[in-house]
Amino acid sequence: MAESSGNSKTLSSMEQENDINYDCAADFVNECVLEFRWTDLSNDLIMDVGCGHDFNCCNFILKVFPDIKYLVAIDNDPSVFENADYIDERIYCCVGNIEERETLLPFVGQMDKIISTGTIDVISNKQLVFENVYHLLKPGGEAAFLFTLNHCYYNFLTVLLEIPKFRKMFKGQYDPNMYPKERRGQYYKQMLEEVGFHNVVSKVVEKKEPPPSDEDWKDILYEEFKNMFKISPHSVADIKEDLFQIYVTKIEKCKLKYMNRVLLLYLLGSKPISTFHSEVKQTTVL
Ligand SMILES: C[S@@+](CC[C@H](N)C(=O)[O-])C[C@H]1O[C@@H](n2cnc3c(N)ncnc32)[C@H](O)[C@@H]1O
């Protein structure tokens with residue numbers, strides 16, 4: 001486990017506030033404030049799992065609760081800390097992997113609150129993550145996870161790969177079972193309860209981004225998908241047009257169309273004060 005310390009570059013809060021990921025993290029923290037009735041966190045130890053290059057969650061938590069003494073930001077990618085433009089001095093950075101308990105040993109049973117946004121989306125063994133977070137919490141500690149249940153771009157890729165022309169050009173990776181329909185709020189609520197969490201709240205939230213101009217929209221779609229397909233330089237304009245037409249007819253079928261639509265899960269739970277029963281239930285071998 002490596003550590004890195006804060007630096008003193010200036011945060012452009014305006015820049016962060018216009019960012020969709022920051023907005024999602026901010027909405028989620030606000031939900032935690034309401035659900036868990038957070039008021040004074042000045043004596044709490046808080047961890048952000050998968051903080052990412054922009055430290056969205058940490059920065060918003062510090063904005064709402066300026067009395068926090070320090071926050072632990074963990075990420076399994078060291079470049080997050082090495083290349084960050086700004087790290088608040090109250091953020092304690094730590095390279096750690098939430099799937100590998102041994103990388104987080106100093107924090108076992110220490111944390112009052114653990115939050116994670118947009119990190120466990122791509123981790124297939126979510127139960128392992130929930131178990132490891134449970135292990136890091138103090139009795140009575142609280143955990144909050146935000147992750148994607150479905151994404152319009154994934155549905156778009158599914159549609160593209162049904163079209164022979166695009167299937168032939170495809171050079172990316174596609175998991176046909178990335179967002180199974182049966183794994184929604186109730187499925188993960190039950191999983192969190194099986195790990196031992198109490199008072200589990202699961203809420204499905206849809207976020208939509210309004211469309212820009214058609215020309216900008218074509219560019220944005222192309223940028224998003226260009227690396228997944230072999231595209232010859234002379235066919236770029238045609239592909240841009242194709243992608244756009246397919247998107248606005250097959251993915252956004254209604255008159256009012258959105259550029260981006262994502263189904264998110266807010267999943268919150270508490271570790272009981274007495275954990276005897278919950279600890280003996282855990283079975284995952286690490
Ligand atoms: C999409 S970013 C989300 C960043 C931030 N939480 C946000 O909401 O903007 C996901 C981050 O999780 C980190 N990550 C992915 N798997 C992880 C793991 N197993 N343990 C710790 N961090 C992980 C990635 O390195 C990346 O920085």
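These legends accompany several close-up views of one predicted model.

Residues are numbered from 1 along each chain as its sequence is written, and side-chain values use heavy atoms, with hydrogens and water left out. Because the model is predicted, local features need pLDDT of at least 70 and side-chain atom pairs count only at pLDDT 80 or more, while totals for chains, interfaces and linings use all residues.

**View 1. The whole protein chain, to get your bearings.** The protein chain has 11 helices and 8 strands; these are DSSP runs numbered from the N terminus, with helices being H or I of at least four residues and strands E of at least two. Of its 286 residues, 49% are buried, where buried means under 20% relative accessible area, exposed over 50%, and partly exposed in between, using a 1.4 Å probe and protein chains only. Take the contacts between residues at least 6 apart in sequence: 79% of them join residues at least 24 apart. Contact here means heavy atoms within 4.5 Å.

**View 2. Helix 5 and its crossing with helix 8.** Helix 5 (residues 126-136) is largely enclosed by the rest of the structure, because 9 of its 11 residues are buried. Among those buried residues are Leu128, Val129, Asn132, Val133 and Leu136. The axes of helix 5 and helix 8 (residues 185-195) come within 9 Å and cross at roughly 45°; axes are lines fitted to C-alpha atoms, for helices over the stretch in contact, and angles run from 0 to 180 degrees between N-to-C directions. The two helices are therefore oblique to each other, on a scale where angles under 35 degrees count as roughly parallel, over 145 as roughly antiparallel, 65 to 115 as roughly perpendicular and the rest as oblique. Helix 5 passes helix 8 in a right-handed crossing, meaning that the near helix is turned clockwise from the far one by less than a right angle. From helix 5, look for Lys126, Gln127, Phe130, Glu131 and Tyr134, which meet Tyr188, Met191, Leu192 and Val195 of helix 8. The residues of this contact divide into 6 nonpolar, 1 polar and 2 charged. In this scheme Ala, Val, Leu, Ile, Met, Phe, Trp, Tyr, Cys and Pro count as nonpolar, Asp, Glu, Lys and Arg as charged, and the others, Gly among them, as polar.

**View 3. Two parallel strand pairs.** Strand 5 (residues 111-117) and strand 6 (residues 137-151) pair in the parallel sense, with 6 bridges between them. Strands count as paired if DSSP finds at least two bridges between them. Find Ser116 and you can trace its bridge partner in strand 6, Phe145. Strand 6 is mostly covered, with 12 of its 15 residues buried. Strand 3 (residues 71-75) and strand 4 also run parallel, joined by 5 bridges. Here Ala73 has Cys93 of strand 4 as its bridge partner. Strand 4 (residues 91-95) has 4 of its 5 residues buried, so it is largely enclosed by the rest of the structure.

**View 4. Helix 10 and two helices packed against it.** Helix 9 (residues 214-225) packs with helix 10 (residues 236-251) at an angle of about 100°, their axes 9 Å apart. Helix 9 and helix 10 are therefore roughly perpendicular to each other. Among the residues making this contact are Trp217, Leu221 and Phe225 of helix 9 and Ile239, Phe244 and Val248 of helix 10. By class, the contact has 10 nonpolar, no polar and 5 charged residues. Helix 6 (residues 152-160) also packs with helix 10, at an angle of about 110° and with the axes 10 Å apart. That makes helix 6 roughly perpendicular to helix 10. Cys152, Tyr153, Asn155, Phe156, Val159 and Leu160 of helix 6 meet Leu243, Ile246, Tyr247, Lys250 and Ile251 of helix 10. This contact has 9 nonpolar, 1 polar and 1 charged residues.

**View 5. Asp242 in helix 10.** Asp242 is found in helix 10 and is partly exposed, with a relative accessible area of 24%. Leaving aside neighbours within four places in sequence, Asp242 is in contact with Lys165 and Phe166. Lys218 is 24 residues from Asp242 in sequence and 9.2 Å away in space, C-alpha to C-alpha.

**View 6. Two loop residues with positive phi.** Most residues other than glycine have a negative phi. Arg37, not a glycine, has a positive phi of about 55° and lies in the loop between helix 2 (20-36) and strand 2 (46-49). Arg37 is exposed, with a relative accessible area of 70%. Phe55, also not a glycine, has a positive phi of about 50° and sits in the loop between strand 2 and helix 3 (56-64). Phe55 is buried, with a relative accessible area of 0%.
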